[in-house]
Amino acid sequence: MNKKKIAIQVKDLDKVYKLYDKPSDRLKEALGLTKKKKYKEHHALSNVDLKIYQGETVGIIGTNGSGKSTILKIITGVLNPSAGEVKVNGRISALLELGAGFNQEYNGIENIYLNGTMIGFSEKEIDEKMDAILEFADIGDYVYQPVKTYSSGMFVRLAFAVAINIEPEILIVDEALSVGDVFFQAKCYHKFEEFKQMGKTILFVSHDLSSISKYCDRVVLLNQGIKLGEGSPKEMIDVYKRVLVGQYEVPEEKNGNLLDDKEVTDAAAAKIGVNPELLEYGTNAAKITGYYITDEKGVHTTAVIKGQEFTIHMEVEFAEDVPAPIFAFTIKNIKGTEITGTNTMVEKAFLEPVKAGEKKEVVFRQKMSLQGGEYLLSLGVTGYERDKFEVYHRLYDVLNVTVISDKDTVGFYDMGTEAEVLDKSGEEKE
């Protein structure tokens with residue numbers, strides 16, 4: 001039985017930053033002019049262990065400030081740890097934040113040579129790889145201009161082209177890919193697939209949960225510098241959704257998994273993904289007082305996995321008698337195009353009068369068939385009074401909904417098609 005070889009091993013890793021109230025405090029401490037502690041300690045990483053095996057594609061997810069980029073910088077040698085150790089077996093190529101490893105005054109060609117020689121290639125070896133780098137970057141004559149004149153998209157094209165064409169054994173990518181256009185991102189992820197088939201190791205950080213789900217063999221979840229758990233993409237994305245609404249506990253055992261269920265209040269959950277600048281209007285005969293989304297397990301979330309059932313909840317209070325209220329929701333894409341929606345009249349779910357003072361909870365259950373991406377949810381309570389259409393309360397773009405998908409078809413939604421290819425060769429020969 002062949003034992004898997006370790007590509008990256010991180011053990012008991014800590015990174016502590018000293019935060020000073022003012023620059024003079026830092027200077028006094030550096031000069032030894034004060035014995036009093038003038039700083040606060042911020043633990044960017046606390047006691048983190050991690051093993052990544054050769055040929056694995058591992059994703060790191062977590063909220064902003066969780067330590068994702070910090071651990072990548074320590075692994076690549078950009079930062080030194082405060083404690084702990086890091087072992088790397090194999091040549092690393094890293095694409096960290098925009099600008100890392102590039103001289104802004106040099107042109108694209110000069111930066112290719114600069115990056116190549118820093119990694120250990122000779123000028124002749126870089127010459128041999130130049131055509132492949134330029135073809136992948138596809139930025140035309142801009143490669144002869146100083147990189148300080150590049151757009152962020154051109155910059156990331158060149159940086160990624162260099163990173164993947166220097167024959168790395170380990171590829172480390174931070175959030176930088178989110179800068180490129182959708183066609184270039186597709187090109188990069190196709191390269192990920194090639195790397196996986198070649199048995200290379202990939203470690204990347206991303207907020208794009210769809211990409212994490214699709215490309216990763218394993219996912220590590222960090223929060224506030226602590227490793228909450230690791231496991232399959234689906235398992236860790238489910239846990240991450242709980243982190244987003246504060247529904248988690250720090251594991252008792254070091255680097256243990258977050259497994260305990262914990263109640264989260266509707267009020268806390270409703271704040272997640274809420275648009276602070278939502279547009280609302282209406283006669284106020286009825287008022288939407290609460291709204292949230294739950295996944296198929298009943299967990300409050302704004303991230304829904306494609307193919308799973310989810311529920312939209314809306315709580316409504318009536319200030320006046322309403323003859324036949326209609327409760328509705330609409331989902332739009334971020335460009336403002338209405339993709340889908342329905343209401344209780346269309347669904348024949350409620351066609352009754354309501355008295356002043358009554359409260360109703362409206363529940364819409366459905367399967368998520370939209371493609372992976374970001375969407376906006378709008379809610380409304382309307383009705384007809386003597387053939388006149390009335391809007392009692394309407395909330396536009398009230399919640400941001402993230403759809404997580406590892407398979408996107410063409411267009412706005414997936415019909416759930418099942419494809420089959422039959423071999424008819426034998427029939428023709430008979």
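My entries below go from a helix to some strands and then to a few single residues.

**Ground rules**

I am working with a predicted model, in which local features need pLDDT of at least 70 and side-chain atom pairs count only at pLDDT 80 or more, while totals for chains, interfaces and linings use all residues. Residues are numbered from 1 along each chain as its sequence is written, and side-chain values use heavy atoms, with hydrogens and water left out.

**Entry 1: helix H3**

I began with helix H3, residues 108-119. (Helices, H or I of at least four residues, and strands, E of at least two, are DSSP runs numbered from the N terminus.) H3 has twelve residues and spans 17 Å from its first C-alpha to its last, close to the 16 Å expected at 1.5 Å a residue. That expected span is 1.5 Å times one less than the number of residues.

Which residues of H3 are buried? I found Gly108, Ile109, Asn111, Ile112, Asn115 and Gly116. They sit on the same side of H3, because they cover an arc of only 165 degrees around the axis. The arc is taken from the directions that run from the helix axis to the C-beta atoms. For the record, buried means under 20% relative accessible area, exposed over 50%, and partly exposed in between, with a 1.4 Å probe and protein chains only.

Next I looked up what covers these buried residues, and the cover includes helix H4 (123-137) and helix H5 (152-164).

Then I checked the ends. Asn107 caps the N-terminal end of H3, with a side-chain oxygen 3.1 Å from the backbone nitrogen of Ile109. After H3 comes Gly120, which has a positive phi near 120 degrees.

**Entry 2: a hairpin**

I moved on to strand E14 (residues 326-333) and strand E15 (residues 338-343), which pair in the antiparallel sense over five bridges. E14 and E15 form a hairpin with four residues between them, and Gly336 in the turn has a positive phi of about 95 degrees.

**Entry 3: an open sheet**

I also found an open sheet of three strands in the order E11-E13-E16, with antiparallel pairing. Strand E11 (286-294) and strand E16 (359-367) stand at the edges with a single partner strand each, so one side of each has no neighbour in the sheet. Strand E13 (residues 309-318) and E16 pair over nine bridges. One of these joins Met314 to Val362 in E16.

Is Thr402 buried or exposed? Thr402 lies in strand E18 (residues 388-404) and counts as buried, at 18% relative accessibility. Its side chain makes a polar contact of 2.8 Å with the side chain of Glu374. (A polar contact is a pair of N or O atoms within 3.5 Å; within protein, one must be able to donate a hydrogen and the other to accept it, and residues adjacent in sequence count only if both atoms are side-chain atoms.)

I then turned to Asp12 in strand E1 (residues 6-20). Asp12 is partly exposed, with a relative accessible area of 30%, and its phi is positive, near 50 degrees, in a residue other than glycine.

Terms used:
Contact means heavy atoms within 4.5 Å. Two strands pair if DSSP finds at least two bridges between them.
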